[in-house]
Amino acid sequence: MIYYDTRDIVSILTAWTGSPFVGTAPVQAFVMALFALVVATFQHFYPTAFDGLATSVALKDLHIIANTFIGLLISFRLNSAFQQWKSGLGDITLLTQSTRSLVATFASFLSKSEDGAELLEKKEMLANMRRLTLIYTSLVFHDCREHDALPELQSAGWLSPFELNELNACGAIYTSRQSKRFSSTSAATNRARSAVIELWLRRLVAAAAAKNFLNPPQMTTLNNMVSQLPIIHGRVFNTSNIPIPFNYCQYLNFCIYMYLVLYTVVIVDSSLFYTPGWVFLWGMVLLVADTVANEIECPFGTDANDIDLEERMKQLEDELTTIVQSQLHCWGIFTADDIAQLTPVLKSPVVTADVESCSLYKPRKLKAAKAPTETSSLLPPPSLPTQTSTGSNESYGISV
């Protein structure tokens with residue numbers, strides 16, 4: 001996502017990164033200008049070829065109507081695309097806020113216990129709630145980019161062998177139904193996996209209630225909050241992966257090109273060899289507008305103007321880490337070891353985020369005050385892969 005100063009007009013007009021004037025629109029406008037050049041050349045050698053059209057009242061009236069129609073059509077197109085962009089931004093923000101509220105509410109419902117073993121059990125449940133919400137959010141963000149999330153989640157150690165076996169048994173890893181969204185036709189969709197994660201979140205809430213850590217009203221509140229996650233996921237999915245209908249897209253492009261043809265025929269008698277220049281300029285206005293609309297209506301891709309999901313994932317991870325640390329401090333069991341051991345890490349060296357290789361959403365690892373001396377209950381099972389720390393604020397964990 002490009003951040004800019006609206007007061008710096010010169011930088012805005014001269015920037016090429018993310019500019020709609022770099023791409024296919026200028027090429028398409030140039031092709032229409034070449035068509036206008038052919039028409040102007042024909043008019044030059046055969047001056048009487050368009051005499052009837054030049055004096056046609058019907059053609060002039062049609063041109064006036066077409067001016068109004070194409071202006072309204074492009075205006076509606078840009079407005080609807082921008083509203084979709086704003087809706088996508090709002091849905092992603094709502095998703096991160098909902099997951100953060102879920103973890104914070106769950107933490108606040110777990111009261112401090114005098115029994116050390118029970119307190120450590122609550123600590124583990126809180127860590128699992130944080131881990132599952134991060135996995136769910138990562139699945140949604142992967143879904144926005146139409147990437148298979150499982151390989152990165154598995155290599156990062158966010159799923160235990162038991163959880164992987166359950167995903168495989170229920171068909172959330174491989175499926176016999178052909179998928180149009182992943183390069184591997186045997187890969188299950190991220191929505192199927194997120195449904196299983198939702199089930200695990202509900203199991204965690206039920207387990208806490210079974211141990212009398214939660215009362216019935218608290219359990220109901222948490223379940224209602226979990227129920228909001230798939231609703232938001234569905235809205236994000238529709239925004240990121242479903243463009244305008246094909247017939248609408250085809251009709252829109254047909255109107256743009258037919259208007260440029262009509263515009264060429266109307267002005268060629270009076271403009272002659274100036275006609276290609278006017279057609280190119282007017283074509284740039286219309287075709288660039290359509291290019292902008294096509295880009296912003298699906299705001300979760302890897303284009304320069306798309307929403308920065310990577311930073312949002314890192315911010316969410318930091319917020320959930322802060323919530324867990326705060327609750328552990330309230331219970332009086334927060335130590336420096338917990339800072340370094342709140343999440344699993346990898347064996348391999350840290351890889352810089354790369355959009356093309358899908359290495360995104362690597363949450364930040366906080367610097368520990370000293371080396372951990374014991375295995376924290378916030379970590380996944382010890383059998384999962386780990387990574388040697390290479391410094392503070394390094395990336396680890398979930399990557400797209």
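**Helix packing and the largest pocket in a predicted model**

Student: Which element gives the largest share of the lining of the largest pocket?

Tutor: In this predicted model, the elements that give two or more residues to that lining are helix 1 (9–14), helix 4 and helix 11. The largest share is four residues, and these come from helix 11.

Student: Are helix 4 and helix 11 roughly parallel or roughly antiparallel to each other?

Tutor: Helix 4 covers residues 57–109 and helix 11 covers residues 275–296; their axes come within 8 Å and cross at roughly 20°. Angles under 35 degrees count as roughly parallel. Helix 4 and helix 11 are therefore roughly parallel.

Student: How do the residues of the contact of helix 4 with helix 11 divide by class, and how many are nonpolar?

Tutor: From helix 4, the contact includes Ile70, Arg77 and Trp85, and from helix 11 it includes Leu286, Asp290 and Asn294. The residues of this contact divide into two charged, one polar and eleven nonpolar.

Student: Is helix 2 roughly parallel or roughly antiparallel to helix 11?

Tutor: The axes of helix 2 (residues 24–45) and helix 11 come within 8 Å, and they cross at roughly 150°. Angles over 145 degrees count as roughly antiparallel. Helix 2 and helix 11 are therefore roughly antiparallel.

Student: Is the crossing of helix 2 and helix 11 left-handed or right-handed, and how many charged residues does their contact have?

Tutor: Helix 2 passes helix 11 in a right-handed crossing. Among the residues that meet are Phe30 and Met32 in helix 2 and Phe280 and Met284 in helix 11. The contact has 14 nonpolar and four polar residues, and the number of charged residues is none.

Student: What is the angle between helix 5 and helix 8, and how far apart are their axes?

Tutor: Helix 5 spans residues 116–145 and helix 8 spans residues 190–210; they pack at an angle of about 165°, with their axes 10 Å apart. Helix 5 is therefore roughly antiparallel to helix 8. The contact includes Met125 and Tyr136 of helix 5 and Trp200 and Leu204 of helix 8.

Technical notes:
Residues are numbered from 1 along each chain as its sequence is written. This is a predicted model: local features need pLDDT of at least 70, side-chain atom pairs count only at pLDDT 80 or more; totals for chains, interfaces and linings use all residues. Side-chain values use heavy atoms; hydrogens and water are left out. Axes are lines fitted to C-alpha atoms, for helices over the stretch in contact, and angles run from 0 to 180 degrees between N-to-C directions. Angles under 35 degrees count as roughly parallel, over 145 as roughly antiparallel, 65 to 115 as roughly perpendicular and the rest as oblique. Contact means heavy atoms within 4.5 Å. Ala, Val, Leu, Ile, Met, Phe, Trp, Tyr, Cys and Pro count as nonpolar, Asp, Glu, Lys and Arg as charged, and the others, Gly among them, as polar. A crossing is left-handed if the near helix is turned anticlockwise from the far one by less than a right angle, and right-handed if clockwise.
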